[in-house]
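Please open the structure in your viewer and keep the selection tool at hand.

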Amino acid sequence: MKVLKFGGSSVGSAETILKVIDIVIRESESTPCAVVLSAMQGTTDALIEAGRTAERGDDGYIERLANISENHLQTIQRLFPDGDSLPISDFVESTIKELENLCEGVRLVRELSAKTLDRILSFGEIVSSKMVAAKLAELGHDNEWKDSRLLIRTNSNHGFAVVDFDETNKRINDYLGGSKTSLHILPGFIASDSAGYTTTLGRGGSDYTAAIIAAAADAEMLEIWTDVSGMMTADPRFVKNVKEISHITYREAMELSHFGAKVIYPPTIQPVMAKGIPVLVKNTFSPDDAGTLIEATSSGTAGIIRGITSIDKITVLNLEGGGMVGIPGFSKRLFDALSRAEINVILITQSSSEHSICVAIEERSAEKAKRVVDEEFAYEISVGKIDPLKVESGFSILALVGDNMREHTGVSGKMFTTLGQNGINIHAIAQGSSERNISAIIASRDVRKAVNTLHEEFFSDGSKQINIYIAGVGTVGSRLLDQLARQHDHVLDDMRLNLRVVGLANSRRNLISEDGVDLATYIHELETADDATVEQFTDQIIYNNLRNSIFVDVTASPDVVAAYPKLLKKSVSIIACNKVAASARYDDYRSLKDLAREYGANFFFETNVGAGLPIIHTLGDLLRSGDRVRRIEAVLSGTLNFVFNNYDGSRPFADVVRQAQDEGYTEPDPRLDLTGTDVARKILILAREAGNVIEMDEVENRPFLPTSCLEGSVEDFYREMSVQEAHFRTLLDNAASRGEKLKYIASYDDGQARVGLESIGPDHNFANLSGKDNAVLFYTDRYSEQPLVIKGAGAGADVTAAGVFADMIRAARS
Ligand code: ADP
Ligand code: ASP
Ligand code: MG
């Protein structure tokens, strides 16, 4: 005999019930079958809600029951279009009437006992199973409907009744032995106590009913038919790329279900495991899929980890106190107190100092736990031996499950490193000595991220999803987005990084999409998005709490920089094209770098100096390999280089500056470039990265712009430059008369940073620097005679975007 169980979604509508019927007919052709059915999807919840409504004294239960009735009657009508539905429709109507009377009683006394609730709930399974039995009969398939309450005997613990297996097994065998048919249809979930009152086996308990029958009947197989194609490597509602598990052992399946894999009700495995009956989890909606086979030993060639699960609504109890150390009996008393109060302990950890015991329980028992434990230890608390029980809620338990973990080292290391890199704090850890399960308690708000990150780490083809938020979609930002669209597949193929832009912001609007912004249409989507500030954008990043998040700042705004600390504290990496942070007060710069280190995030700003040229990272590599920077000489302003390379007296200085601005080589206000402020910021950043504590006002700046040019708007500035043409011409002519050229040079030497316009001869290192090129010379202990030279285009949106891109890849791979 086989036992087949169909879950709520399998009997969710007339259409799906017909699929169930097909499967039952096919399977029962070759072997006798017992078919166990759940209530139609949502029915148990709706019945509970009706009872609770009545308990509140609210007659809204009438409408709720009417909806339940309507749903069933409509399904019956569709299932029996030829009108052969009278007996079962009558049954629904009369039972609903009974429930109305029951609920009216509940409303009057304002009390819903577990016993009454069980009676109300039995409606769901009884009706669904009767529908299936009637339809099979109508199609000419002889079957017998049997009320499981007459077979499964339990104690009177309503809601979570405990099965009396001796009596139950006897009844099942008597029934099956005496029955003439080979197709039995039974309601799941319900049973009865010795007085004949209806009991239930716990939410999701129809699986258990089926397992009890399978074990009693020594069935050849138990099939659990549900709405997914087997047990998966993680909850498919949490993780997108879950994989079906083809084979799994009883113990692994048990661990997974105990730790949250809802696909099987946890007690289900025990009875079938004891009898060695294989369990097959199958999909009603895709019956040809292989499904998952659960057996004593697994023949599959799975990796180390079989699955990842989580349980929400966990409360952590901490019993602490110096008085506990070395004295036996505290944990016994703690667990006795919890057990007397029927509080289920899910996880336990005790540090070897014995100073504290940490226990995880379900959130709904938190208040009761506090009361009973404090009562138990009232004396010890009063004399200060231990502290009152500490109760903290809002947690989840995350579990990695797999028999093969035993033979492998490094699983927990990988688990905790992965969680740490994503800023997920671990409150407590437990690993059973069976080494089949490693569990960690984390904040519930992190659970989705944690399951996804771990799933990627243990089950993906090696690719890693990187979630990118970009603030600023101006010239550089839009080029970056172009590059991201073009390079996506290549980066995925070559580096196994799945770069996904999940948020964009300009100064007025935010566009957030967890599934990824469409890079072909983002301009329009951002334009039509709701108004939102950058602060809202960064708050949203924290709220979304996505794994491997990177925030890219391609603005020039101090407001955006203000959000860096809170992002770093959530382990979000920051890639700044914006120079404000690295050139701010030294303490602020330092504290951002420290935060990044502390929270395992990256804070990169390569493009702050020399656009896409690898200057800052090269400097870092020199220092990390033990070199020491003595002197830096640099042409760091592509703008000023462009301006002085093109200013030859044939046209006014102002025109050359205008051209530089038109071609996108200047800051929006070109004075930031021409006053040397921008170059000063860059040499300041290099000096700091070389290990110096230095502030902006310590950078010596010899201006070449007349002070009159500094006043007014950008247009006033252009006008004033024209007025001052003679001044610029004199600078040029003086240099030319010596056979020299003008170059704007930044230097750093022995703790002193300087910027200014210099006139250099033809032999100077920078003499042949053309166009908008930048060059940096590092004189170090190792490069003492001939400097290390980095030279190339130091401005322009494309190279800058490419530099940001490179920073992003570096952050993603670390
Ligand atoms: P049924 O009504 O058939 O008993 P359930 O809703 O109780 O179905 O269980 C099936 C659901 O379990 C799936 O739809 C899925 O969302 C959820 N689930 C959670 N974890 C897992 C997992 N590891 N593998 C498969 N399904 C899972
Ligand atoms: N109908 C019950 C529930 O929803 C039992 C089950 O479906 O397994 O919990
Ligand atoms: Mg279920």
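Begin by selecting K579, E667, D678, R681 and K682, which are linked in a network of salt bridges. A salt bridge here is a side-chain nitrogen of Lys or Arg within 4 Å of a carboxyl oxygen of Asp or Glu. Side chains of opposite charge can pair when their charged atoms come close. The structure holds 52 salt bridges.

This is a predicted model, in which local features need pLDDT of at least 70 and side-chain atom pairs count only at pLDDT 80 or more, while totals for chains, interfaces and linings use all residues. Residues are numbered from 1 along each chain as its sequence is written, chains are lettered from A and ligands numbered from 1 in the order in which they are written, and side-chain values use heavy atoms, with hydrogens and water left out.

**The sheet**

Next, select the open sheet of 8 strands, whose order is β3-β4-β2-β1-β7-β9-β10-β8, with mixed pairing. Its edge strands are β3 (144–145) and β8 (247–249), each of which pairs on one side only. Two strands pair if DSSP finds at least two bridges between them; helices (H or I, at least four residues) and strands (E, at least two) are DSSP runs, numbered from the N terminus.

Now select residues 33–37 and 183–187: these are strands β2 and β4, which run parallel and are joined by 5 bridges. Within this pair, A34 stands opposite H184 in β4.

**Two salt bridges**

Select E252 and R306, whose side chains meet in a salt bridge (3.0 Å, N to O). E252 lies in helix α8 (residues 250–258) and R306 in the loop between β10 (292–295) and β11 (307–320), so the pair ties together parts that are 54 residues apart in sequence. Is E252 buried or exposed? E252 counts as buried, at 1% relative accessibility; buried means under 20% relative accessible area, exposed over 50%, and partly exposed in between (1.4 Å probe, protein chains only). R306 also counts as buried, at 6%.

Finally, select R702 and E758, whose side chains meet at 3.7 Å, N to O.
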